[in-house]
Amino acid sequence: MKIQAIDTLAADWSGEYLGIGLFEEAAAIDAYLQQLDPNLRDVLQDLIRETEFQGKSGEQPWTRIAGQGTIRKVMLMGLGAQEAFTLESLRQAAAAFAKATRKQKAAAAGLQLPLWNDDVSASTQAMAEGVELALHQDNRFKSDPEAQKSGEYPQAIHLLGMANQDDAIETAQQICAGVILTRELVAAPANVATPSMLAETAADIAADHGLTLEVLEREDCEAQGMGAFLGVALASDLPPKFIHLTYKPSGTPRRKLAIVGKGVTFDSGGLNLKVSGSGIETMKMDMAGSGATLGAAKAIGQLKPDVEVHFIVAAAENMISGHALHPGDILTASNGKTIEINNTDAEGRLTLADALVFAEKQGVDAIVDLATLTGACIVALGNDIAGMWTPEDSLAEELTQASQQAGEKFWRMPLEDKYFEGLKSPIADMKNTGPRPGGSITAALFLQQYIDQTPWAHLDVAGPVWTEKENGYLNVGATGFAVRTLVNWVMK
Ligand code: BES
Ligand code: MN
Ligand code: ZN
């Protein structure tokens, strides 16, 4: 499938399939129809009448066109109120069009949508993202992957009225390659996406896009005193891998950043084993933070900003065996702080503790961590919204802007110091688990103990990294959440 930007407008489009996006205003719809050829205009006026189309978002009626013209089918896409129009509206409309043209086996399809903010390149990029992400299908685990594919349709999507936008399309494709890598890492089961496989994926990214890679083995982590991370890895037969990928621009970097992702490739809970009903069967996705980190690395390696970025993943499996961490064990993290393990299922924060200490040693200007850290965050914000914790208003502002541009939802949550009382241990510096109320907040306060002075934000992405229902450009399963927010944040 090819995406192409061309300056032809809907009125002159002669391909097989045409898509037109319209705002929710009768007069504007009417004015738009007046510039089309009379045959097409009549067809659309009938369609609008018959389907009571009002331009509300989600309305997507289509019809066949009889007659001599080359256009065989046309689809209208409601874009909602013009005041509420965003880049995300463009992504969603383009995604709906891409899916319809695939289902209907269109060869050439032309899509005309209005510009957001008069910005041709941002608008083109958003449309291309919607198309790429909507059409991604993951058939790797079917015995006959080819048979599962919905053919080669649509053969091409032309973005109408968008001349000279090849760069915007290429940017979208580079970013989407990162998002798709993330989706495929997160969807891959724990017997495929192991800590070693994450390290190999990082090696591929390094080789393909010119990043440097350092992988710390268990002994190297021991030498660095990473007792918290290694405690989590104790019971697994799979060796832990501490992954450090670095992107350096050719000139002097404008900024140095670190992105740290939770990489627990399977979370059984450990000896505090996840009971039936706790979602243990979905815990292959407990490396979604690291999935997004590697996806962002792939995108940034291609986009080549003038910013240095360190991508850090402490990858391990949380399992049970005779070697397992016992509840009550005390671990020492690489910053010297001691932790009483009162729950082996609060393992993500242990892996992140050493990863954050390592990130800070890189001398960066800001650190962002992403983790499927707590069920409590899903209870608080539901499946579509991630939690954000940071003491730094300016970093919160940067991330919020990046996420809004990406159409990914985050909500800033409080780092309530007083709740740290819930983590006090009579025997060690802290426990790893606080009381049930405010569980995602105490998790964030725990992480904060491993940051000394660098501006830092923690993103709890437990909800939005996975979806059980198809929704716009998201297909069932791994969503690739946070990659586009991270990319926007780095590029800004
Ligand atoms: N990986 C889980 C959090 C999680 C739960 C992610 C559901 C996605 C969906 C994490 O390691 C965990 O087990 N957290 C515990 C913490 C508790 C023991 C303090 C939780 O949320 O129950
Ligand atoms: Mn857990
Ligand atoms: Zn976990």
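Visitor: Which residues of helix 4 and helix 6 meet?
Guide: This is a predicted model. On the helix 4 side the residues are Ser121, Thr124, Gln125, Ala128, Glu129, Glu132 and Leu133. They meet Ala168, Ile169, Thr171, Ala172, Gln173, Ile175, Cys176, Val179, Ile180 and Arg183 in helix 6.

Visitor: At what angle do the axes cross?
Guide: Roughly 35°, and the axes of helix 4 and helix 6 come within 8 Å. The crossing of helix 4 past helix 6 is right-handed.

Visitor: Glu170 is in helix 6 too, I think. Buried, exposed or in between?
Guide: Glu170 does lie in helix 6. Its relative accessibility is 44%, so it counts as partly exposed.

Visitor: How far is Glu170 from Gly289?
Guide: Their C-alpha atoms are separated by 25 Å, and the two residues are 119 apart along the chain.

Visitor: New topic, the metals. What holds the manganese ion?
Guide: The protein donors of the manganese ion (ligand 2) come from Asp267, Asp345 and Glu347. Asp267 gives an OD atom, Asp345 gives both O and OD, and Glu347 gives OE. These donors lie 2.1 to 2.2 Å from the ion.

Visitor: How are those residues spaced in the sequence?
Guide: The pattern for the manganese donors is D-x77-D-x1-E.

Visitor: Why is the arrangement of six donor atoms called irregular?
Guide: Because the angles that the six donor atoms subtend around the manganese ion (ligand 2) run from 72 to 170°. For comparison, the ideal angles for six octahedral donors are 90 or 180 degrees.

Visitor: Which residue bridges the manganese ion and the zinc ion?
Guide: Asp267 bridges the manganese ion (ligand 2) and the zinc ion (ligand 3). The two ions lie 3.1 Å apart.

Visitor: And Glu347, buried or exposed?
Guide: Glu347 is buried, with a relative accessible area of 1%. Asp345 has 22% relative accessibility, so it counts as partly exposed; the cut-off for buried is under 20%.

Visitor: How do strand 9 and strand 13 run?
Guide: Strand 9 (residues 256-267) and strand 13 (residues 366-371) run parallel, joined by five bridges. One pair of bridge partners is Ala258 and Ile367, the latter in strand 13.

Visitor: Let's go to strand 4. Why is it described as largely enclosed?
Guide: Because six of the six residues of strand 4 (residues 73-78) are buried. Lys73, Met75 and Met77 are on one side, with Val74, Leu76 and Gly78 on the other, and both faces are covered.

Visitor: Which residues sit across from it?
Guide: Strand 2 (residues 17-22) pairs with strand 4 in the parallel sense over six bridges, and Gly19 stands opposite Met75. Strand 3 (residues 62-64) runs antiparallel to strand 4, with three bridges. Arg64 has Lys73 as its bridge partner in strand 4.

Visitor: What about the phi of Lys105?
Guide: Lys105 has a positive phi of about 50°, although it is not a glycine. Most residues other than glycine have a negative phi. Lys105 lies in the loop between helix 3 (87-103) and strand 5 (108-112), and it is exposed at a relative accessible area of 52%. Asp118 also has a positive phi, about 55°, and is exposed at 70%. The loop that holds Asp118 is between strand 5 and helix 4 (120-135).

Terms used: Residues are numbered from 1 along each chain as its sequence is written. Chains are lettered from A and ligands numbered from 1 in the order in which they are written. This is a predicted model: local features need pLDDT of at least 70, side-chain atom pairs count only at pLDDT 80 or more; totals for chains, interfaces and linings use all residues. Side-chain values use heavy atoms; hydrogens and water are left out. Two strands pair if DSSP finds at least two bridges between them. Helices (H or I, at least four residues) and strands (E, at least two) are DSSP runs, numbered from the N terminus. Donors are N, O and S atoms within 2.8 Å of the metal (3.2 Å for Na, K and Ca); water is not among the atoms, so sites may look incomplete. Four donors count as tetrahedral if all angles lie between 85 and 135 degrees; four count as square planar and six as octahedral if opposite donors are over 155 degrees apart and all others between 65 and 115; anything else is irregular. Buried means under 20% relative accessible area, exposed over 50%, partly exposed in between (1.4 Å probe, protein chains only). Axes are lines fitted to C-alpha atoms, for helices over the stretch in contact, and angles run from 0 to 180 degrees between N-to-C directions. A crossing is left-handed if the near helix is turned anticlockwise from the far one by less than a right angle, and right-handed if clockwise. Contact means heavy atoms within 4.5 Å.
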